[in-house]
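Welcome! Please take a moment to look over the structure below, and then we can walk through it together.

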Amino acid sequence: MFDRPDSGERAVLVHLILHSGQKDLLELKELAKSAGAEPMHVVTGSRRNPDPKYFVGTGKVEEIKQAIADYNAGIVLFNHPLTPSQERNLEAALGVRVVDRNGLILDIFALRAQTFEGKLQVELAQLKHLSTRLVRGWTHLERQKGGIGLRGPGETQLETDRRLIGERIKQIQARLAKVEKQRHQSRGKRKKAEIATVSLVGYTNAGKSTLFNRLTGSNIYAADQLFATLDPTLRSCRLPNNSELVLADTVGFIRHLPHELVAAFKSTLQEASEADLLLHVIDVHAEDRDATIVEVNQVLMEIGADKIPQLEVYNKIDLLDGAHPRVDRDEAGKPARVWLSAVTGAGADLLLQALAELFSVRKIRIRCHLRPDQGDIRAKMYAYATILEEQIGDHGQSEMVIEIDPKYSGFLETVRGEVISS
């Protein structure tokens, strides 16, 4: 949407340690790079409480101003949410654009959105974010030339007011309501057809899209960057027992995900909240692995998906010394955790087997007796069922023990057989 220098916008990052806890500085750098910025310098410090006027103290404001001059930076990125007044005061004092953590994440989402629905959701979140920053009209935006934090509606509506933004928000919400209705109908059709839905969830950059491609044979965009995937993608996935399920790749979660995004992406996140199983993909190599697990579960609770069964997937074992593909089981003997590498494919077969085992309760086991002239039915068995036993007689007749999903068993009506278990 904007012409950007090849090297990216030169940015000064600000990261404070507050009494309420410390956010990850490395994550701020990754967010900045994902938005197209070039981090030049990091200003750090600590406070018991944020300053009401600048968030940082006046001494730190001077330090930031000096860093801007030293590195010829054009933007300051805060690793914290700022109030509208703090953002305005900082811009007036520093003479450059100031973007807080929420605005930075919104900008990355604007950069990643590809589908009509995704763009609408991003615009809705941006409008809600910008509406809180409308003071004395749009005079604080008139000098902006476009860049991080400014993609989307802001740069095209310099003369609009709160009323027009409110009307636009209503229009987008109405369109998204139609999309949500269509998604609901699609989910209803899958449930009616008894097709299980499995959603990939996890912290951003945990490797969900790479795993999705590995399991489905797709080629959706996957990269070593935060929020590489924004628009949800659904593909069918066939398991070793020849059953089929729908795999959904969803947007990655992050600490303190802006409430504007949680609300705007409600329809997208419903793919996770209404799934039959969640594949919680975890970067086993991440230093803050346990913290990211907690953060993901927190977001799942916010969207009402915390009661859905989970299968943890410990990804990127190729980066961990001594790790090997395996399946950990719970006290009942069911798969609880799968260790694999989505990049190399090591352990992907174990995950498919675990999924087949978890959904095998839907299968029925049948002993079938086929005449020599029923070769077409035998071929369908190999296509739609799992063959457990097969004995072929001298005259071409065969006796088979199969496991099959009941919805695929209609072609067995002409076969002599008996149900062994269900």
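## The open sheet

Which order do the four strands of the open sheet have? The order is β2-β1-β3-β4, with parallel pairing. At the edges stand β2 (37-47) and β4 (97-99), each with a single partner strand, so one side of each is left without a neighbour in the sheet. From one strand to the next, the twist averages 25°.

β1 and β2 pair in the parallel sense over 10 bridges, where pairing takes at least two bridges found by DSSP. Ile17 stands opposite Ser46 in β2. Helix α3 (residues 84-94) lies across β3 and β4 and runs at about 145° to β4. Angles run from 0 to 180 degrees between N-to-C directions, with axes fitted to C-alpha atoms, for helices over the stretch in contact. Strands (E, at least two residues) and helices (H or I, at least four) are DSSP runs, numbered from the N terminus.

## How to read the model

This is a predicted model, in which local features need pLDDT of at least 70 and side-chain atom pairs count only at pLDDT 80 or more, while totals for chains, interfaces and linings use all residues. Residues are numbered from 1 along each chain as its sequence is written, and side-chain values use heavy atoms, leaving out hydrogens and water.

## Two nonpolar cores

A nonpolar core is a set of buried Ala, Val, Leu, Ile, Met, Phe, Trp, Tyr and Cys residues joined through side-chain atoms within 4.5 Å. Here, buried means under 20% relative accessible area (exposed is over 50%, partly exposed in between; 1.4 Å probe, protein chains only). The largest core has 29 residues, and those with the most contacts inside it are Leu77, Leu104, Leu278 and Leu300. Several elements each supply at least two of its residues, including β1 (9-18), β3 (75-78) and α10 (289-302). The largest share, four residues, comes from α4.

Beyond its neighbours within four places in sequence, Leu300 is in contact (heavy atoms within 4.5 Å) with Val201, Phe253, Leu278, Ala305, Asp306 and Gln310. A second, separate core of 25 residues includes Ala206, Val281, Val313 and Ala342.

## Around Thr216

Thr216 is in helix α7 (residues 208-216) and counts as buried because its relative accessibility is 19%. Its side chain reaches the backbone oxygen of Phe212 at 2.7 Å. Leaving aside neighbours within four places in sequence, Thr216 is in contact with Arg235, Ser236, Cys237 and Leu247. Cys237 is buried too, at 1% relative accessibility.

How values were computed. Polar contact = N/O pair within 3.5 Å; in protein donor to acceptor, adjacent residues only side chain to side chain.
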